[in-house]
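Here's a quick briefing to read with the structure open beside you.

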Amino acid sequence: MKNIIIGTAGHIDHGKTTLIKALTGRNTDRWEEEQRRGITIDLGFTYFDLPGGDRAGIIDVPGHEKFINNMVAGVVGMDLVLLVVAADEGIMPQTREHVDILQLLGIENSIIVLNKCDLVDEEWLELVEEEIREELAGTFLEHAPVAKVSAATGDGLPELISIIEQMTRDEVVPKDIHTIARLPIDRAFTLSGFGTVITGTLVSGTITKEDTLEMYPVGKPCKIRSIQVHGRDVKECFAGQRVAINLSNVKKREIKRGCVLAPPDSMKETDLLDVRLDVLESSMRVLTHHARLHLFTGTSEVLCRAVLLDADEIGPGESGYVQLRLEEKIAVRRGDKFVVRFYSPMETIGGGVVLEPNPGVKKRFREDAIEELRRKESGSSTDVIELHVKEYGASMITLAELARLTALSMEEVQEDVKELEAGGTVYTFAMRKDTYVWHADACREAAGKITKALSSYEEKYPYRYGMKKAEVQMTYFQKMKPNVFDKAVERLTAEGQIKRVDEFLCTPEFEICRDETYDKTAGLLLGAFKTAGYDFVRYSEIDMKGTGRETTDDILNILLEEEQVVKVADDMYTMKSYMDEAREIISGKLAEHPVITIAEVRDLFGTSRKSAKPILEYMDSIRVTKKTGAESERVAY
């Protein structure tokens, strides 16, 4: 099932909220002021299920110019936009600004929804549709399908739902759930009895209950207490879902719209951004050096100064490299889209893409700095290396293989990998013949896969230390060589993702189950071994009072691992303390006489020959005795 986020855009009072209510049966105007004034001020959220089974979250964004900052925040994570145009009014100035913002933020999939069709005749409707097509020529909406509806009467809604389903099935690409989790926050509030709650659209990765993430740019760790998706409690949420998360260790006053929840050390707060900035062709203004702007990216809105690096000014339809110097810190990643508006009057002039989220201060007209930005924009060899490493996430890839695939020298590959490793994008494992490289996303995916497998295994086998490492590798990581998998396990263990107990792997919090069944079974085994003494009892002959053989085997293995019990021979076990005592007695006897026989061992321990022979064989195995040639005789090792 795809997780789809649909947004609305369009002029105030063109019926966006009414359309959503018609589709979902819910009103997205949350605030009393919104309902009283009949306009959307803040973001509204709800959902509906498509006929094919996909669930579509839907965001109602404000249309009023004064609330454009909320509109930009709402675009984060959208897969599809419904551009709502009232049939009785047509394209309005606010509609055009919304289109510009959507295009700047990289929205590709859209449906033009002609609303209020019940208020106009067919001839007028044709004229309005023609006008819209002319107005939107050259934009990403140029070839968008048109749905003619009346949200008030319900006419045309089945056809609109059909178009939505077709587009989400054929054109919406599922988001990457295996990369770094990133949740730009659009709301933070406090609920009595719960504490701090945040909401937003999870744009990448997966978040699981009990995860500890970090709040950027606050720099504070936050534990996930609970997660809701569309009002339902869940254990984990995935990229593409609208989520509400209850956090511990952070106060509501410490968070605001624009903060980002992500794994520790996966991002870095910044007050400088290197960007490619495009000024809209429709802009009536020219961007000059050091102009003060409003920057919108993710759910953040901050003031900044634009330092033009390769031009004195950027006019309508032009673009350039710019360093944005922010008046407060935010957290973004390379490739994030943004919009800028003039400081005063507030009007959208352009936007672009973040090329470097953590740059140093750059001087203007420096060719080396501009060339660096060109490489970052076009995709450097480092980007190519990263793509190859990511492709081999299931097996890891060597430096030699990377050099072969990219036609780069070994020195160039090593330099690029070093840069990626410094940024936390890849991990390297030096082996005897070569160095293996593993993408951090693949590591996270492996951690999730192993944790899920181990959790299921622990639930099924509560009396085992975990799953054998070799079994994990053969079952889930067949493409990795065993020695390479060992390195992966070392990494995941060091990160605290899994725990290793000798050759067993388990989840970090797992401990052997010491319940009533364990106590009863261990008691029966130990009691049988103690009672038998040196007249060893066969394990298969012990009456376990109804406990299954598999459970008994597991608990016996625990007693062996904890060295309460030792194996003397096949199907024959005894207390370790008995064999420690036997070792002392036999060592003392050998100190007096160079040779000891099975008959002498039988007499020493008052047992039978059938039990004396395994005692001597056990002493051979721990290098207390060794054969002299005769089967029944031993000397000191």
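What follows looks at a helix contact, some aromatic rings and a few charges. Keep in mind that this is a predicted model.

**Two helices meeting**
- Start with helix 11 (residues 440-460) and helix 13 (residues 482-494), which pack at an angle of about 85° with their axes 11 Å apart.
- Angles of 65 to 115 degrees count as roughly perpendicular, so helix 11 is roughly perpendicular to helix 13.
- On the helix 11 side you'll find C443, A447 and I450, and they meet F485, R491 and L492 from helix 13.
- Sort the residues of that contact by type and you get five nonpolar, no polar and one charged.

**Rings that pair up**
- The count of aromatic pairs comes to nine.
- Take F529 and Y573: their ring centres are 6.4 Å apart and their planes sit at 35°, so this pair is called tilted.
- That pair links distant parts of the chain, with F529 in helix 14 (residues 516-532) and Y573 in strand 31 (residues 572-575), 44 residues apart.
- Are these two buried or exposed? F529 has 0% relative accessibility, so it counts as buried, and Y573, at 11%, counts as buried too.
- There's also a cluster, where ring pairs link Y534, F536, Y578 and F605.

**Charges over rings**
- R292 has its charged end over the ring of Y343, 4.4 Å from the ring's centre.
- K449 does this with F477: its charged end sits over the ring, 5.1 Å from the centre.

Key: Residues are numbered from 1 along each chain as its sequence is written. This is a predicted model: local features need pLDDT of at least 70, side-chain atom pairs count only at pLDDT 80 or more; totals for chains, interfaces and linings use all residues. Side-chain values use heavy atoms; hydrogens and water are left out. Axes are lines fitted to C-alpha atoms, for helices over the stretch in contact, and angles run from 0 to 180 degrees between N-to-C directions. Helices (H or I, at least four residues) and strands (E, at least two) are DSSP runs, numbered from the N terminus. Angles under 35 degrees count as roughly parallel, over 145 as roughly antiparallel, 65 to 115 as roughly perpendicular and the rest as oblique. Contact means heavy atoms within 4.5 Å. Ala, Val, Leu, Ile, Met, Phe, Trp, Tyr, Cys and Pro count as nonpolar, Asp, Glu, Lys and Arg as charged, and the others, Gly among them, as polar. Rings of Phe, Tyr and Trp (its six-membered ring) pair if their centres lie within 6.5 Å; planes under 30 degrees apart count as stacked, over 60 as edge-to-face and the rest as tilted. Buried means under 20% relative accessible area, exposed over 50%, partly exposed in between (1.4 Å probe, protein chains only). A charge sits over a ring if NZ of Lys or CZ of Arg is within 6 Å of the ring centre and within 35 degrees of the ring normal.
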